[in-house]
Every structure is written in structure tokens, then in C-alpha cells.
Amino acid sequence: MDVFSDPLNVDVYVTGFLWILRLTAAGAFFALVLGVVLAGMRVSPVPVLRGFGAAWVNIFRNTPLTLIVFFCYFGLYSTLGLSIVDDIDMNNFWLGVIGLAVYTAAFVCEAIRSGINTIPAGQAEAARAVGMSFLQTLTIIVLPQAGRAVIAPLGSIFIALCKNATIVGTIGLMESSNAMKELINANGDAVIPIFLVFAGTFAVVLIPTGYGFGWLANRLAVKR
Amino acid sequence: MSADAVLYDHPGPRAKIRNTVLTVVFGVLLLALLYWIYRQFDEKGQWAAPLWKPFLEASTWTDYILPGLQATLSAAAVAMVLSLAYGLIFAVGRLSDHWWLSVPSGVVVEFFRAVPLLLLMFFIFYGLPFITEQPMPPFWAVVIGLTLYNGSVLAEAFRAGIKAVPTGQSEAGYAIGMRKSQVMREILLPQAARAMLPVIVSQLVVLVKDTALGYIIGYTELLQNGVNTLAANFGNIVAAAIVAAIIYILVNAALTSLAGWLERRTRRQGRAPRKRTPLIEAGAGVGGGGA
């Protein structure tokens, strides 16, 4: 483990994972908001909204994230001149967040839609019977119950998001996979320890997170 | 608005008006958004004919896009076959009664499921040559990475599928004197495989999408060949990316509908449990959301 006794290398490692952490946090927030809105659209009485939601899901769920992130950089930024902040790293970060959020929102939308399906029809019928509007039925009755049912699938979506955050490295952010590549190229004699440290960090964080979501899903499940 | 309208009442006169107003408002907003995007493209001259004209020429397709698509599909196909074998071995291994088989299988599966595919590919492509002292072809770096990751995902799916077969099936097998391996091979796996077919096809979608990671390590697949190289020659990166996205969407939508068809077919034949009436029309299965 000589590689990691050099403070410069440790710095590369820490910076890499800090980027992953930030990308995951920002991406998860925007993906969740967007995904819930899209799910609401997909079950709404207005055909245009349903069509928009369906088109979004079909387009972004079937396109590789690499292509989306690639397009965010070369399309939105280089060609169309969309610049969010002046700092190059932060600009790449936000372009990456756009790509991650837009992609992950499609999966969040589908997870919530299937969560809505786990609720007995009687719940929505009762809500309508007491005179609730569609928005009231959705936000007061259906979504709170669906939210508890989709914790496990949402958990695996966010874990996938965390792993997908490495793809933002394509557009030049020094996140963990680029950091590992740099360390490997500089220290060809310590390839295995470097890989084990980087991969191990992901494994040590994400495997317990996965079980944590499973436990939470079980605890919060609506017992029927 | 047919059977899926459990969430809202059948529209009366007021709701009809409101829905029409909302339709018009959002329709106009959507058109405004599309027009704004069109204007943005127009301002940067992205609709100029020279940028789009290459896609009308046969040579663009035969030189760039089709070889790229072929490379994408062949990597996905090889990785699929390998990850099916890998998934099968590790699923059975994890279900083994011997701890020295089930524990290592479990560790391997959990590890490769938790490691980002890109990190894995970087290690295989940049790291392994330092150890083996010979260059790693990008194709195999992509295929091995995809196999380890998707194989582990499939192993978990298979394990769930095998465990979902009613216990009476294996008990009946043991009762007529079958060995453990016979019960697994002749009773459990065939039934699990049939129920797992839609999951396997859905995983193929993830695989096709993940081959795009090969672009980062220089494998000349659709994104590298059909977007990067093509745009380097014609200067039309936005147009090329849009065309490539459409190709990916078409391929994956075809695979998704195949998975849906398989699922309906297995359900119709009573091999999977019937679902109770859903609140809304059921969506396609939610894949874990690979890259």
C-alpha cells in the first residue's frame, strides 16, 4: 500500500470520491423531483401530459447514459453554448448533474408508477368517493402509500446513480474512475492494491446501503 | 380513458372543460419549448444542410454507423452469452449447501454488483496489461467488464427465480430419489428459466446501453464510430449524437417490447402468478438502471 502513503495520491483519491458524492447527491435530488412530477404526469387525466411523460421515459431510458453525458457536454455546452457557471470544473459538474438527473428521472418515474400499482384500487375509489380531485387523490392518498412501496426499487436506482456518476468522468471531471486511471498509469507496480482500494470503497459503502434500503423498505412497508 | 381511470372520476362537463384547457395550455407550452429548442439550434446553425446531408449518403452509414452498430451488438451478444453462463454458475453456487462454495460465490456477486462498470473497465483495460505484460484488446475489456457486472446481476435474478419455484417441486424431486444436482438441473432450473426469460431480455437492454462505455476506453462502437469519428469528419456532433440516440432507442425499444411480449406469453400460459387488477396500466419492468 505504498501508493497511498503519498499524500498527493491520497488527495487524488479523496477528490475523486468527493465528486462522486456531490454528483450523487445533486443527481438524486433532481432525479427524484423530476421523476415524481413525471410519474404524476403519466397517470394524469390530461393526454398531453401522459404523452410527454411516456416520451420522456422511452427516450431517456433507452439511451446510454454515456451518450447523454456526451451530448450534455458536446451538444449543450460546446455547440449550443450553454454555460452554467464560469468555473470549468463546476460547469462540467452541473452538465453531468443534468445528464444524470434526466436519465435517472426516467427510472424513478417508472418505479413510482409501479409503486402506484401496489395500492388497492379501493384506496383511490374511496378518495374519489369523498370528493377528492385527481391532484388531492394523488398527493394525499396514493403517493404517500406508493412512496413506502417503492423504497427498495428507489434504493437500487440511487445506488445505480452513484455508480453511474463515474461516467461524468468522460467530460473531464477528475472523479474516482479517472483518479484510479491516473494512479494506475503512474504506479504500474501497484495496480491491484489501487483497484482494490477504489472498488473496495464503492463496495464498502454501497453493499450496506443496499441492505439498508432493504431493511427500510421492509420496516416502512404497508402491511396488507 | 378506459379502465385505467381509477385515479380520477369520469370527467363531467366542468372536468372536461378543465382538461381541455390544461391540454391546450400544456400543448402550447410544449410547442413553445420545442420551438425554443428549434430556435437555439437555428441560431447556432445546427439545421444547416451540410450537417445533416451526410446521413442521406450511403457511405456515411457503411463507413461509420453500421460498423459501429455491429461492434456494439457483437460486444453485447458475446457479453450476454458469457454473463448467462456466469450468472447461472454463481446463482447455483450461492444456493449451494456447502459454505465453501456459497460464501465465495456470494462475495464475488455482491462485489461486482457494487463496483461501477467504468471502474472495472478501466482496471481491465489500463491495469491488467501491467500485470499480464501484454495489451488488452478494447473489445475484451468491454466484454469482460460487462460479463462480470451483468453476470452478477443475472446471478441474483436467477437465485430469486430458483427460490420462487414452489418448494413442493423440489420436495417431490427428492421424494422420487433424485440427487441435489438432479433436482437443480431437471426440476428447478427449467421452471426458473421460463419465469426469468423477460428479466434476461430486459438485462440485454442494459447490456446494449452499457457497451457505450467502451467509447471511453477506445472501443470503436456506435458512440465512438457513429458520433465521435463521424463528427470529426463532418463537424456535425449534435446531429450525429441525435442519430445515434435514435438508433439506440430503436434497438432497445425493440428489446423491451420483446421482453413485454415474453412476459405476457408466460403469464397467459399460467407459468407465472397472475397479477391482481392494477390501479393503472402496468409499466414494463423497472430495470436496475445500469449505465
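**Figure 1. The two domains of chain B.** Chain B is split into domain 1 (1-37) and domain 2 (51-268), with bounds taken from an automatic or database domain assignment. The centres of domain 1 and domain 2 of chain B, taken over C-alpha atoms, are 39 Å apart. The model is predicted: local features need pLDDT of at least 70 and side-chain atom pairs count only at pLDDT 80 or more, while totals for chains, interfaces and linings use all residues. Residues are numbered from 1 along each chain as its sequence is written, and chains are lettered from A and ligands numbered from 1 in the order in which they are written.

**Figure 2. Confidence in chain B.** The pLDDT (the predictor's confidence in each residue, from 0 to 100) has a mean of 86 in chain B, and 90% of the residues of chain B reach 70 or more. Residues 282-289 of chain B have pLDDT below 50; this stretch has 25 contacts in the model beyond near neighbours in sequence. Two residues are in contact if their C-beta atoms, placed from the backbone, lie within 7 Å. The model scores ipTM 0.89 and pTM 0.88.

**Figure 3. The contact between chain A and chain B.** Chain A gives 63 residues to the contact and chain B gives 54. Among the helices of chain A that each supply at least two residues to this side are helix 4 (88-116) and helix 9 (191-220). Helices are DSSP runs (H or I, at least four residues), numbered from the N terminus. The side of chain A that touches chain B has 38 nonpolar, 19 polar and six charged residues. Nonpolar means Ala, Val, Leu, Ile, Met, Phe, Trp, Tyr, Cys and Pro, charged means Asp, Glu, Lys and Arg, and the others, Gly among them, are polar.

**Figure 4. Helix 3 and helix 9 of chain B.** The axes of helix 3 (residues 58-94) and helix 9 of chain B come within 6 Å and cross at roughly 155°. Axes are lines fitted to C-alpha atoms, for helices over the stretch in contact, and angles run from 0 to 180 degrees between N-to-C directions. The crossing makes the two helices roughly antiparallel (an angle over 145 degrees). Residues in the contact include Tyr64(B) and Gly68(B) of helix 3 and Asn225(B) and Leu230(B) of helix 9.

**Figure 5. Helix 8 of chain A.** Helix 8 of chain A is largely enclosed by the rest of the structure, because eight of its 11 residues are buried (20 or more other C-beta atoms within 10 Å of the residue's own, all placed from the backbone). Met180(A) and Leu183(A) are among the buried residues. The cover includes helix 1 (7-42) and helix 9 of chain A, together with helix 5 (117-132) of chain B.

Note on methods. Parallel < 35°, antiparallel > 145°, perpendicular 65-115°, else oblique. Buried ≥ 20, exposed ≤ 12 C-beta atoms within 10 Å, placed from the backbone.
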